[in-house]
Amino acid sequence: MHSNEYEAAFGRFLEQAEYDKASDALFSLARAAFQAGWLAAGGREAQPERIFTVLRPEAGPEKP
């Protein structure tokens, strides 16, 4: 267990934009490393695919 002062300081650190940037960079690095290993082990590159379809109202008589 850490002191309340330590926990409060750590909480303030986690709320900073710098932490978000560092966290994003670490995630990107981990993802890139995993992908490199995946491809080296014979995995296939991800193919782009449609994840949603925009629905438009059907043409028809206008409603008053």
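## Arg 56 and the basis of the model

Arg 56 counts as exposed, with a relative accessibility of 68%, where exposed means over 50% relative accessible area, buried means under 20% and partly exposed covers what lies in between (1.4 Å probe, protein chains only). This residue lies in the segment after helix 2, and its C-alpha atom is separated by 51 Å from that of Ala 8, a residue 48 positions away along the chain.

This is a predicted model, in which local features need pLDDT of at least 70 and side-chain atom pairs count only at pLDDT 80 or more, whereas totals for chains, interfaces and linings use all residues. Residues are numbered from 1 along each chain as its sequence is written, and side-chain values use heavy atoms, with hydrogens and water left out.

## Overall dimensions and surface

The chain has a radius of gyration of 24 Å, whereas a compact globule of 64 residues would have one near 11 Å; the radius is taken over C-alpha atoms, and the globule rule is 2.2 Å times the number of residues to the power 0.38. Along its principal axes, the C-alpha trace spans about 70 × 50 × 20 Å.

Of the 64 residues in the chain, 2% are buried. The chain exposes about 6,800 Å², of which carbon and sulfur atoms supply 59%; accessible areas come from the Shrake-Rupley method with a 1.4 Å probe, and for residues only the protein chains shown count as cover. The mean positions of the 7 positive and 10 negative charges are 10 Å apart, with Lys and Arg counted as positive, Asp and Glu as negative, and His and the chain ends not counted. Each charge is placed at NZ of Lys, CZ of Arg, CG of Asp or CD of Glu.

## Helices and the segment after helix 2

The secondary structure comes to two helices and zero strands, both kinds of element being DSSP runs numbered from the N terminus (helices are H or I with at least four residues, strands E with at least two). The 24 residues of helix 2 should span 34 Å at 1.5 Å a residue, which agrees with the 35 Å between its end C-alpha atoms; the expected span is 1.5 Å times one less than the number of residues.

Helix 2 is followed by Gly 42, whose phi is positive, near 100°. Pro 48 is also found in the segment after helix 2 and is exposed, with a relative accessible area of 78%. The C-alpha atoms of Pro 48 and Leu 26, which are 22 residues apart along the chain, are separated by 24 Å.

## Aromatic pairs

Rings of Phe, Tyr and Trp (its six-membered ring) pair if their centres lie within 6.5 Å, and planes under 30 degrees apart count as stacked, over 60 as edge-to-face and the rest as tilted. By this rule there are four aromatic pairs. One of them is the stacked pair of Phe 10 and Phe 13, with 6.3 Å centre to centre and 25° between the planes. Phe 10 and Phe 13 are separated by about one helical turn because they are three residues apart in helix 1 (residues 4-14). Phe 10 is partly exposed, with a relative accessible area of 38%, and Phe 13 is partly exposed at 38%.

The rings of Phe 34 and Trp 38 have their centres 6.2 Å apart and their planes at 25°, so this pair is stacked. Both residues lie in helix 2 (residues 17-40), four residues apart, about one turn of the helix. Phe 34 counts as exposed at 58% relative accessibility, while Trp 38 is partly exposed, with a relative accessible area of 46%. Ring pairs also link Tyr 6, Phe 10, Phe 13 and Tyr 19 into a cluster.
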